[in-house]
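Here is a friendly walk through a protein chain, written for someone who likes to look at rings, links and turns. Have the viewer open as you read.

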Amino acid sequence: GAAPQASSTPAALFSPTTPDEIAVADLSRQAILALPQGKWPELYDSFNAEFQARCPRGQFEQTGQTDAQAQGANLSRIGFKGLQEASVEGDSARAVIVGEVAGQSEYTIQAYFTKAEGTWKLAPGPGTQGCVAFSRLSG
């Protein structure tokens with residue numbers, strides 16, 4: 001039988017072109033892949049001071065361990081597909097990240113970024129608290 005087209009067609013991905021957009025895309029990739037690659041503790045330094053002030057490093061690492069355990073067998077299937085959209089305005093940016101659980105599903109996450117001293121960092125999104133920085137949009 002023919003595979004269904006409509007539901008399996010992924011959203012068109014955003015193609016970053018400017019240095020700022022590329023930096024945001026790279027940070028987005030790191031944010032998705034940190035957990036399955038076992039690099040969650042290192043991701044902490046990619047967050048801005050505002051996030052670090054409300055989420056101590058130890059708590060951040062514990063959150064990652066809990067999330068990794070919750071994923072179970074799916075942990076190794078988590079992947080980064082790209083950005084659905086990204087907008088950069090001065091020293092702040094927002095992106096919708098498309099992640100996947102290989103062979104199962106895609107999901108989207110809204111992420112925010114700030115630029116300080118020439119370096120882009122992950123920032124907590126509106127309405128988030130504690131060690132939660134991103135909001136899940138779908139999946």
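## Aromatic pairs

Searching the whole structure, which is a predicted model, turns up six aromatic pairs. One of them is made by Trp-40 and Phe-60: the ring centres are 4.6 Å apart and the planes meet at 10 degrees, so this pair is stacked. It also bridges distant parts of the chain, since Trp-40 belongs to helix 2 (residues 40-43) and Phe-60 to helix 4 (residues 57-71), with the two 20 residues apart. Trp-40 and Phe-60 are both buried.

Next come Phe-47 and Phe-134, with ring centres 6.1 Å apart and planes at 40 degrees, so this pair is tilted. Phe-47 sits in the loop between helix 2 and helix 3 (49-54), while Phe-134 sits in the loop between strand 4 (119-123) and strand 5 (135-138), so the pair ties together parts that are 87 residues apart in sequence. Phe-47 has a relative accessibility of 3%, and therefore counts as buried.

## A charge over a ring

Another aromatic ring to look at is that of Tyr-107. The charged end of Arg-136 sits over this ring, 4.3 Å from its centre.

## The disulfide

How many disulfides does a search of the whole structure find? There is one, formed by Cys-55 and Cys-131 with their sulfur atoms 1.9 Å apart. The angle about the S-S bond is 95 degrees, and the link of Cys-55 and Cys-131 is right-handed.

This is again a link between distant parts of the chain: Cys-55 is in the loop between helix 3 and helix 4, Cys-131 is in the loop between strand 4 and strand 5, and 76 residues separate them. Cys-55 is buried because its relative accessible area is 0%. Cys-131, with a relative accessible area of 12%, is buried too.

Strand 3 (residues 105-116) pairs with strand 4 in the antiparallel sense, over five bridges. Opposite Ala-116 stands Thr-119 of strand 4.

Two residues lie between the strands of this hairpin, and here Glu-117 takes a positive phi near 50 degrees. Glu-117 has this positive phi although it is not a glycine. Is Glu-117 buried or exposed? Its relative accessible area is 84%, so Glu-117 is exposed.

Ser-46 is found in the loop between helix 2 and helix 3. With a relative accessibility of 14%, Ser-46 counts as buried, because the cut-off for that is under 20%.

Which residues does Ser-46 touch, leaving aside its neighbours within four places in sequence? Its contacts are Leu-27, Gln-30, Lys-121 and Leu-122.

## Confidence

For the protein chain, pLDDT averages 91, and 92% of the residues score at least 70. Where pLDDT is low, predicted coordinates should not be read in detail.

How values were computed: Residues numbered from 1 in each chain as written. Predicted model: local features only at pLDDT ≥ 70, side-chain atom pairs only at ≥ 80, totals over all residues. Heavy atoms only, no water. Phe/Tyr/Trp six-rings, centres within 6.5 Å; stacked < 30°, edge-to-face > 60°. Helix = DSSP H or I, 4+ residues; strand = E, 2+ residues; numbered from the N terminus. Buried < 20%, exposed > 50% of the residue type's maximum accessible area, 1.4 Å probe, protein only. Lys NZ or Arg CZ within 6 Å of the ring centre and 35° of its normal. pLDDT = per-residue confidence, 0-100. Pairing = 2+ DSSP bridges. Disulfide = S-S within 2.5 Å. Contact = heavy atoms within 4.5 Å.
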